[in-house]
Protein chains: 2
Amino acid sequence: MQATIITIGDEILIGQIVDTNSAWMAQELNKIGVHVHEIMSISDDSDHIKSAFAKAESESDLVLITGGLGPTKDDVTKKTICEYFQDELVLNEQVLDHVTAIFEKYVKAPIVQMNKDQALVPSKAQIITNEYGTAPGMWLESNDTIFVSMPGVPFEMKNLMTNGVLPKVKSLGKLPFIYHRTILTAGQGESTIATRIEDWENSLPAQVKLAYLPSLGTVRLRLSSSGMDKSQVMKDVDHVVDQLYTIIDDIIVGEDTGDSMVQTVTQLLKEKEKTLAIAESCTGGKIASLITEIPGASQIFKGSTVTYATMSKVDVLQVNQGLIERDTVVSESVATAMALGVQQQFKSDYALATTGNAGPSKGDSDASIGTVYIGVATPSKSYALKFMMGNHRERVVQKSVNKALELLHKELLAIN
Amino acid sequence: MQATIITIGDEILIGQIVDTNSAWMAQELNKIGVHVHEIMSISDDSDHIKSAFAKAESESDLVLITGGLGPTKDDVTKKTICEYFQDELVLNEQVLDHVTAIFEKYVKAPIVQMNKDQALVPSKAQIITNEYGTAPGMWLESNDTIFVSMPGVPFEMKNLMTNGVLPKVKSLGKLPFIYHRTILTAGQGESTIATRIEDWENSLPAQVKLAYLPSLGTVRLRLSSSGMDKSQVMKDVDHVVDQLYTIIDDIIVGEDTGDSMVQTVTQLLKEKEKTLAIAESCTGGKIASLITEIPGASQIFKGSTVTYATMSKVDVLQVNQGLIERDTVVSESVATAMALGVQQQFKSDYALATTGNAGPSKGDSDASIGTVYIGVATPSKSYALKFMMGNHRERVVQKSVNKALELLHKELLAIN
């Protein structure tokens, strides 16, 4: 099954918002075995929408559409669906009840005709209830292609997808299993790696695809396959990954599971009933911010301190000033002292600390740009490691966040 | 001038990465008067790329392409460009020198043939030097359409755009001026607003477009126009915005300038030579993280503390435990005490504090989900305000971040 994702809205085409919906939808579709053929972002214009629909219909079995379903005049998706499907809008009582209930419960203002019109839907559409908003999801079919129209507000769309669209697509019939593994390497460029794994790459079975994803001073190697026999698909990919480990074991630093390293670490802390505190300098609160995005983080996360100014490390974290003068603020000893300081202050089992120079200017330290020390304190030991993270500010920060979580992950795995 | 943006790479279609390049490119194109007609994300597949090129050529004057230019086998953009333009690859000595220099300067590994092949470019292409990487930008023309191919690595693409592509597009001739103003409202839904401004909306001049952008409990109203006469375009939009202010003055809370509230605040602190510290509970480090993304933030940002566990507020911020017991942790008095505590600890001029319940569960507090107090400490006073931020975790956090920055902004503007 092939899908096209169409996002409708001028705000994407003028760069006012980043389209995060599509990536989320693509991930979820992949999980149930649907391959995304293309993603299109188009304007709130009837002709443009109709031509995109026609293209998508000719190329895909499933077309997921977001945006343009608000009650105001600038939103034309529903009217355009009627034109495309040669259909007309009819009042859906169930949707009207839902809209009325939302207004009674959440909205102070009286309901107006414009809101009631949200219950006008194409007569050929099956309705998927939008628990969090007034615009319903609409499921229509044209020849052999399914069209699903949803609002663009991310949490409304996600709810509709999870509880309505994805289960319905799955129920249509046996979908293949799509499997990816992404191996994270560090220390060598993609051409060097490609040369080292050339024989292996040339001998890959036809159904296994390899992609090189260079970023942040690392190269990720993604192996993908799909098929109806889940265990065979996994076996094919796992087998070549095993081979890969023997060829470039020296540069493999882990496997990429998207943003989920922070989830893995949070889950491990919960399981082992341990708590965490963090002292962030060059990462500026990014690690805390990632952890607190996870519901229930308060069970394991005591808190963190961002000591951006050098003196804050002394004033707040009780790092010895003499140590800073002797070793400078970007040093192994200061990173260790920060981890210990924050561990003590927040009374946590584990602690992480980052201190470094992310550039572009040198700041309070003489350390060259890209130098980062990551400190770790556990119930039984403390240490810090030095990393050179390149000379691009955002990348230095991102790499430091990843590395700190990776070090904590190793420590947590080592608990008996 | 109409543009199409094409991003090439399976990683977008499987949802492994979010396409942030397109929004940035669309913004920059808008600034120089180029209208983005469509954004397409397609796979690393020659046939798919060629059909996208053909579609874009028929609809646009400018086609910006990113991705698929690495040295490895999975990248097919360059080869496909040759097929589409009936061209062949030739060695470009200038690019070869550049690639060789990059290897000598930054790469430990010896240069291999695969790297040298980065200097093979279509004979019809004009080269735009990629200072940060080995894949050059390529500018080709087909009939009246310009194609520009760039690598997908964001900082390489941005550099090529800023220093090569955008100036070159601008130099082609007089482009129109595109102007947007986005008015931020709070407190009423889009249908209520639409009803209130109906007469005004119906009388808008044809060249001024209105869009409703509901999000995070707010509705943004975007007014857009474009034309060759910059002052007339601005006058048209400014005039209707002035009218709008008189109609819904009670719900307008500001104008949206993207993410730049944090930049505005940082800049103001620099100008006034004041420093800031933050105590974050429900915002979990998000405010600190935003501020430290701005180069030079260390001049004004002393640091922050994330006190996620209730006891951390006592242990770390010296909030009186009796106060917490009397008023609960989500209260006006605790938010004020947090702001004062972190101001004192970090020795800052200003301080912000957030404490609230973002949900989904109630955590350490009895406050209903969505209740947030924001504390403010200035050199001369301290206070906290209560807000109800709804019942969706991410949205509560985002709204709290925005509101805290807004309160600080007001205080900084009040300095003589």
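**View 1. Here helix 3 of chain B meets helix 4 of chain B in a predicted model.** On the helix 3 side, the residues to look for are Ser46(B), Ile49(B), Lys50(B) and Phe53(B). Their partners in helix 4 of chain B are Thr77(B), Thr80(B), Glu83(B) and Tyr84(B). Sorted by class, this contact is made of three nonpolar, three polar and two charged residues.

**View 2. This view turns to how helix 3 and helix 4 of chain B pack.** Two packed helices are described by the angle between their axes and the distance between the axes. Helix 3 of chain B covers residues 46-59, and helix 4 of chain B covers residues 77-84. Their packing angle is about 55°, and their axes are 10 Å apart. The two helices of chain B are therefore oblique to each other. Follow helix 3 of chain B as it passes helix 4 of chain B, and you will find a right-handed crossing.

**View 3. Now we move to the place where chain A touches chain B.** In this contact, 75 residues of chain A come together with 75 residues of chain B. On the chain A side, strand 14 (residues 301-307) supplies the largest share, with seven residues. The chain A side as a whole holds 35 nonpolar, 28 polar and twelve charged residues.

**View 4. A closer look shows strand 14 of chain A paired with strand 14 of chain B.** The two strands run in the antiparallel sense and are joined over five bridges. In chain B, strand 14 spans residues 301-307. A handy landmark is Thr305(A), which stands opposite Thr305(B) in strand 14 of chain B.

Terms used. Residues numbered from 1 in each chain as written. Chains lettered and ligands numbered in written order. Predicted model: local features only at pLDDT ≥ 70, side-chain atom pairs only at ≥ 80, totals over all residues. Contact = placed C-beta atoms within 7 Å. Helix = DSSP H or I, 4+ residues; strand = E, 2+ residues; numbered from the N terminus. Nonpolar A, V, L, I, M, F, W, Y, C, P; charged D, E, K, R; others polar. Pairing = 2+ DSSP bridges. Axes fitted to C-alpha atoms, helices over the stretch in contact; angles between N-to-C directions. Parallel < 35°, antiparallel > 145°, perpendicular 65-115°, else oblique. Left-handed = near helix turned anticlockwise from the far one by under 90°.
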